[in-house]
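Here is a friendly walk through the pockets, cavities and charged pairs of one protein model.

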Amino acid sequence: MATLLTHGGRHPERFHGFVNPPLVRASTVLFESVAAMEGRTGHLYPYGLTNTPTIEALTEILTALEGAAGTVLVPSGLAAVTVAILSAAKPGGTILVPDNVYGPTRRFCDESLPDLGVAARYYDPLAPELGALDERTIIFIEAPGSLTFEMPDIAALVAAAEAAGAVTMMDNTWATPLFYRPLEYGVDLSISAGTKYFAGHSDLLIGSVSANARSFAALKRIHRNLGVQAGTEEIWLTLRGLRTMHVRLARHQENALAAARWLAGRAEVARVLSPALPGDPGHALWRRDFAGASGLFGFVLDAGEDEAKRFLDALRLFGLGYSWGGFESLAVLGELRHTRTVRPWREGPVIRLHIGLEDLEDILADLDQAFAAMRG
Ligand SMILES: *Cc1c(COP(=O)(O)O)cnc(C)c1O
């Protein structure tokens with residue numbers, strides 16, 4: 001994978017030997033004749049919305065990383081989720097969504113799918129009751145889920161879908177294809193918020209969806225018909241980010257595991273939410289399926305919400321902000337009260353941390369002083 005991240009999507013021979021592909025800004029592409037225009041189906045780059053050498057470079061490396069039939073790029077991770085769902089949604093059908101799904105995915109399913117005749121039903125990721133499935137069913141997977149990091153049994157969900165001819169898709173943003181390759185495990189569509197670890201520097205928004213041969217034609221069709229495409233600058237910067245993703249993720253993982261272990265030993269912490277920790281309810285499934293862990297996990301505070309806010313406000317190194325996957329450490333208070341419908345959250349406040357690339361002792365010192373400030 002490290003070799004693929006280094007060499008994938010690069011064709012220096014096409015660009016005078018330059019190591020990186022050019023950042024092509026384009027709408028119009030000129031043709032030599034009407035005959036050439038009429039035959040444009042065979043033209044590699046008929047229009048800037050469809051393809052450019054920059055788009056091609058990123059789709060090529062992501063398709064290889066995912067082991068996919070093809071990949072489409074979109075302007076955000078959320079657009080990757082919605083385009084993937086729209087590619088498979090059928091009127092009268094159902095989408096089964098984990099209760100711990102990324103919040104805006106739930107909002108799309110609740111607010112925008114019913115008008116298309118698609119009903120959203122939520123399942124407990126730890127004990128899914130899927131009901132009757134058919135070819136109009138989509139099983140949506142996120143592993144581990146947002147904020148609380150429960151690990152579903154992906155193989156069981158895929159087996160249930162395959163038996164009924166249902167479509168499976170997985171938001172794989174947390175693991176990246178370095179640590180989990182959904183298509184290899186029978187999932188039809190793999191969704192990534194490239195905003196996070198692909199790009200890795202908190203400076204852009206991008207998304208991608210990769211699909212197997214069964215699902216790629218429908219994905220490509222909806223992508224073309226919606227007219228969505230990632231911006232060329234974003235694509236180019238994402239290619240740059242990808243070249244070092246394995247190096248960054250190794251450090252994120254090392255720092256995050258150490259921080260999770262440290263937090264597990266603190267009196268202020270009721271429970272650490274990380275499948276990479278032995279003892280976590282999702283640890284066995286994580287070990288079975290995943291090759292590593294990223295820098296994102298949570299913990300339940302053994303205190304109230306006021307204390308949680310005091311803790312967060314006292315952090316100095318950790319920024320308070322949405323999104324994650326950049327080089328820096330971040331923290332947010334998990335909003336769970338209105339987002340769990342199958343199994344309401346009854347434990348204490350959840351703090352989600354993204355552990356960055358800083359020195360571990362500085363990360364721990366910041367958490368330590370924030371606990372001290374919280375206690376008063
Ligand atoms: C951040 C995130 C997204 C959305 O990505 P954006 O680029 O911010 O739209 C989707 N899924 C998960 C799991 C995420 O964490």
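Q: How do the residues lining the second largest pocket divide into nonpolar, polar and charged?
A: The sorting counts Ala, Val, Leu, Ile, Met, Phe, Trp, Tyr, Cys and Pro as nonpolar, Asp, Glu, Lys and Arg as charged, and the others, Gly among them, as polar. For the lining of the second largest pocket, that gives nine nonpolar, nine polar and three charged residues.

Q: Before we go on, what kind of model is this, and what is counted in it?
A: Residues are numbered from 1 along each chain as its sequence is written, and side-chain values use heavy atoms, with hydrogens and water left out. The model is predicted, so local features need pLDDT of at least 70 and side-chain atom pairs count only at pLDDT 80 or more, while totals for chains, interfaces and linings use all residues.

Q: How much space lies in the largest pocket?
A: On a 1 Å grid over the protein atoms alone, a pocket is an open set of points with protein on both sides within 12 Å along at least five of seven lines, whereas a cavity is a set where a 1.4 Å probe fits but cannot get out; lining residues have an atom within 4 Å of a point. Points are joined across faces, edges and corners, and a volume is the space filled by probe spheres set on them. The largest pocket has 34 lining residues, with Tyr102, Gly103, Pro104, Ser146 and Arg352 nearest its centre. Its volume is about 680 Å³.

Q: Which element gives the largest share of the lining of the largest cavity?
A: Elements here are DSSP runs numbered from the N terminus: helices (H or I, at least four residues) and strands (E, at least two). The largest cavity holds about 60 Å³, and both α10 (245-264) and β9 (296-301) supply at least two residues of its lining. With four residues, the largest share comes from α10.

Q: Is Thr195 buried or exposed?
A: Thr195 sits in the loop between β6 and β7 (207-211). Its contacts (heavy atoms within 4.5 Å), leaving aside neighbours within four places in sequence, include Gly77, Leu204, Ser323 and Trp324. Buried means under 20% relative accessible area, exposed over 50% and partly exposed in between (1.4 Å probe, protein chains only). Since the relative accessible area of Thr195 is 8%, this residue is buried.

Q: Why are Lys309 and Glu305 separated by about one helical turn?
A: Their side chains meet in a salt bridge, 3.8 Å from N to O. Lys309 is partly exposed at 40% relative accessible area, and Glu305 is also partly exposed, at 32%. They are about one turn apart because they lie four residues apart in helix α12 (residues 305-314).

Q: Which residues are linked with Arg266 in a network of salt bridges?
A: Arg266 is buried at 17% relative accessibility, and its salt bridge with Glu268 has closest N and O atoms 2.9 Å apart. Glu268 is buried too, with a relative accessible area of 9%. The network links Arg266 with Glu268, Asp368 and Arg375.

Methods: A salt bridge is a side-chain nitrogen of Lys or Arg within 4 Å of a carboxyl oxygen of Asp or Glu.
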